[in-house]
Amino acid sequence: MEKKTPLYDLHLELGGKIVPFGGYLLPVQYETGVIKEHMAVRTACGLFDVSHMGEILIKGPDALSNLQRFLTNDFTNFEVGRVRYSPICNEEGGIVDDLIVYKFAEDEYFLVPNAANKDKDFAWFQQHATGDVEILDLSDKYAQLALQGPKAKEIISKLTDESLLPTKYYSFVRDLTVAGVPCLVSRTGYTGELGYELYCAPDQVAGLMKALLEAGREEGLIPCGLGARDTLRLEAGMPLYGHEMSDDITPFEAGLDMFVKMDKDDFIGKQALKEKTPPTRIRVGMVLTDRGIAREGSLVYHGGKEVGITTSGTLLPYTNKASAMALLDPNVSEAGTEVEIDVRGRRLKAQIVPLPFYKRS
Amino acid sequence: MNIPKNLKYCATHEWILVEGDTATIGITDFAQKELGDLVFINLPNVDDEVAVDEAFADVESVKAVSDIISPINGVIYEVNEALLDAPEMINEDAYGAWIVKVKDVTGLENLLDADQYADLIKEG
């Protein structure tokens with residue numbers, strides 16, 4: 001049985017087309033459609049319901065030492081008020097999940113994992129926790145909105161004290177009042193654009209969403225669904241759990257090397273990752289040069305030999321190019337390499353390109 | 001929902017305009033709405049044969065690919081190649097943006113009329 005987010009009724013009112021995702025009923029798109037929603041985020045602003053994301057609090061005297069062991073990134077040089085991304089690895093070096101971590105205090109960290117992995121992560125943390133630490137699943141206590149696009153600051157500033165907004169990328173402020181609603185606001189997102197993510201109490205999020213949509217009307221703000229969230233992250237070259245990451249894919253294979261600190265003290269999966277270096281497959285971007293669209297799960301060939309498989313793909317609305325990400329043999333992963341993708345029985349030509357497909361100017 | 005009375009339909013959401021032993025085929029307004037923004041179409045060739053319940057083309061939206069199923073038997077004599085560069089024409093005008101024209105048409109027995117098709121999509 002899928003859960004409804006507190007915005008379910010508002011999505012219906014706004015013309016949202018509802019689909020199940022990660023255990024929740026969420027809009028895949030609204031009346032405007034995926035392409036217009038995608039373009040709104042690139043050129044103006046879009047508003048997403050991301051209340052399905054999990055929220056896990058880790059606190060206590062041993063919070064940091066547990067975090068250091070659970071996650072591959074380093075949190076010893078991490079200040080209060082900042083946000084940091086990290087994979088979680090299993091003993092074999094595969095990715096359990098990826099998440100962002102908010103540092104509330106020296107002994108208190110707020111983690112935001114993927115909706116579909118939240119229960120798995122929570123169980124994993126509890127199973128591997130040591131010392132004096134408390135781990136709480138707060139997912140039902142928070143709703144979350146993502147306001148993304150070049151006009152995001154202009155729009156949110158109409159509803160809050162602009163001088164209090166977080167300025168640095170991957171920083172946050174707590175207890176900021178937006179449209180009368182107490183929020184945690186971070187400069188984060190999953191679209192490749194400037195933007196904010198706002199966490200608030202579930203019973204206040206519908207009012208907040210309406211106020212934001214109203215405030216942003218002139219700037220071209222529209223509500224956006226999961227469809228655009230996926231095409232935006234793909235265009236921005238960001239991996240998605242279940243596609244470019246899984247229990248069997250290591251962070252090195254997924255191209256997440258900069259979030260794995262092999263020189264820090266022991267963490268779960270470190271030994272396996274040491275043994276699995278260098279990786280035998282690596283995440284790459286590809287643009288199709290033949291007409292057609294490659295999606296997830298298509299085999300990739302080079303010189304007649306199978307060299308990997310696509311993990312995500314579609315026609316990217318802003319670059320207007322059929323593009324895909326794939327896990328490929330590192331020997332053919334260099335930009336410019338010509339490959340062929342089997343798309344339902346047809347071999348389509350494609351070229352390896354550097355990621356991301358799109359970078360904000 | 002836009003369901004013109006002069007057309008016939010099938011349960012896989014194609015429309016067909018029969019004129020003598022030729023026919024024009026496209027996808028319905030309901031279908032384009034369900035699929036969302038179309039970004040690519042794979043078209044067959046002139047002289048290809050089509051057969052009842054068999055796929056002869058496919059359309060791709062941002063999210064997925066969907067087969068287009070022939071409601072009838074026949075031989076394609078014209079293909080709407082303008083759709084290759086502008087598949088969104090189907091979103092804009094599903095009944096204007098025909099996909100193929102077919103001659104030597106047979107197998108018309110099981111087509112739905114507009115009212116039957118309206119009932120079908122109502123039942124969902």
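Let's start with helix H4 of chain A, which spans residues 118–128 and has A:Lys118, A:Asp121 and A:Phe125 as its buried residues. Looking down the axis of H4(A), you will find these buried residues within an arc of 65 degrees, so they line one face of the helix. On the face turned away from that buried side sit the exposed residues A:Ala123, A:Gln126 and A:Gln127. Keep in mind as you look around that this is a predicted model.

What lies over the buried residues of H4(A)? The cover includes helix H3 (63–70) and the strands S5 (56–59), S6 (83–89), S7 (95–105), S8 (108–113) and S9 (134–137), which belong to chain A.

Now step back to the domains. The domain assignment of chain A gives domain 1 as 3–46 + 142–235, domain 2 as 56–140 and domain 3 as 280–353. Between the C-alpha centres of domain 1 and domain 2 of chain A there are 25 Å. These two domains of chain A touch through nine residues of domain 1 and 11 residues of domain 2. On the domain 1 side of that contact, four residues are nonpolar, five are polar and none is charged.

Next, find the hairpin formed by S11(A) and S12(A), with two residues between the strands. Strand S11 (residues 172–178) and strand S12 (residues 181–186) of chain A run antiparallel and pair over five bridges. In one of these pairings, A:Val173 has A:Val185 in S12(A) as its bridge partner. In the turn, A:Ala179 has a positive phi of about 55 degrees.

Finally, look where the two chains meet: chain B contributes seven residues to the contact and chain A contributes 10. The chain B side consists of three nonpolar, one polar and three charged residues.

Key
Residues numbered from 1 in each chain as written. Chains lettered and ligands numbered in written order. Predicted model: local features only at pLDDT ≥ 70, side-chain atom pairs only at ≥ 80, totals over all residues. Domains from an automatic or database assignment. Nonpolar A, V, L, I, M, F, W, Y, C, P; charged D, E, K, R; others polar. Pairing = 2+ DSSP bridges. Helix = DSSP H or I, 4+ residues; strand = E, 2+ residues; numbered from the N terminus. Buried ≥ 20, exposed ≤ 12 C-beta atoms within 10 Å, placed from the backbone. Arc of directions from axis to C-beta.
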